[in-house]
Amino acid sequence: MPEEAYPWIHLMGRILFSMMFIGGGMGHFMNMKEMAGFAESRGVPAAKVAVPVTGLMIVLGGLSVLLGWHRFIGAGLLVIFLIPTAFMMHPFWKETDPMAKQNEMAHFMKTLGLAGAALFIVYHAGFYWPMSLGN
């Protein structure tokens, strides 16, 4: 791969990764009542408070990774959001219907995979990031 491609690939990776969190966080605010109801049904304590707080966390985390600004804190916010979310919102082990169990397991694994990617970003936060505000 030519060295000149690295900054563009890095930027595209950040865009693709952060889009999910920025969009999802905006959804927390635009559909707050519905999301709080769903979170409540999953046993999330203080769901009406948790939804806007987590929405803010993931919007800020996504923007931070996208812009490369305070990326350790931003990616850390994403990890703090994602790990509890996997266990609270996608408890596949509680499902009795095989299709529902498979669906929840897929969401559980996807969420943990995103947490792993965010941890990777946390680790690399101190290194040079091309096309970012944090260098």
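From the N terminus on, the elements run α-α-α-α-α, and the protein has five helices and zero strands. Helices (H or I, at least four residues) and strands (E, at least two) are DSSP runs, numbered from the N terminus. The model is predicted: local features need pLDDT of at least 70, side-chain atom pairs count only at pLDDT 80 or more, and totals for chains, interfaces and linings use all residues. Residues are numbered from 1 along each chain as its sequence is written, and side-chain values use heavy atoms, with hydrogens and water left out.

Taken along the principal axes, the C-alpha atoms fill a box of roughly 50 × 30 × 20 Å. Of the 135 residues, 37% are buried, where buried means under 20% relative accessible area, exposed over 50% and partly exposed in between (1.4 Å probe, protein chains only).

The table describes two pockets. On a 1 Å grid over the protein atoms alone, a pocket is an open set of points where a 1.4 Å probe fits, with protein on both sides within 12 Å along at least five of seven lines; lining residues have an atom within 4 Å of a point. A volume is the space filled by probe spheres set on the points, which are joined across faces, edges and corners. Ala, Val, Leu, Ile, Met, Phe, Trp, Tyr, Cys and Pro count as nonpolar, Asp, Glu, Lys and Arg as charged, and the others, Gly among them, as polar.

| Pocket | Volume | Lining residues by class |
|---|---|---|
| Largest pocket | about 620 Å³ | 18 nonpolar, eight polar, one charged |
| Second largest pocket | about 200 Å³ | six nonpolar, three polar, one charged |

Among the 27 residues that line the largest pocket, His28, Met35, Phe81, Thr85 and Met89 are the closest to its centre. Helix 1 (6-30), helix 2 (32-41), helix 3 (47-67), helix 4 (71-89) and helix 5 (98-124) each supply at least two residues of this lining; helix 4 provides the largest share, seven residues.

The second largest pocket is lined by Ile9, His10, Gly13, Arg14, Phe17, Val65, Phe120, Ile121, His124 and Trp129. Helix 1 and helix 5 are the elements that give two or more residues to this lining, and helix 1 gives the most, with five residues.

On the surface, Met26, Phe29, Met30, Leu56 and Leu60 form a nonpolar patch with about 490 Å² of accessible area together. The largest share of the patch, three residues, comes from helix 1. Methionine 30 lies in helix 1 and counts as exposed because its relative accessibility is 63%. Accessible areas come from the Shrake-Rupley method with a 1.4 Å probe; for residues, only the protein chains shown count as cover.

Methods. Patches are made of residues with over 30% relative accessible area and no salt bridge: like charges are joined within 9 Å, nonpolar side chains (Val, Leu, Ile, Met, Phe, Trp, Tyr) within 5 Å. A salt bridge is a side-chain nitrogen of Lys or Arg within 4 Å of a carboxyl oxygen of Asp or Glu.
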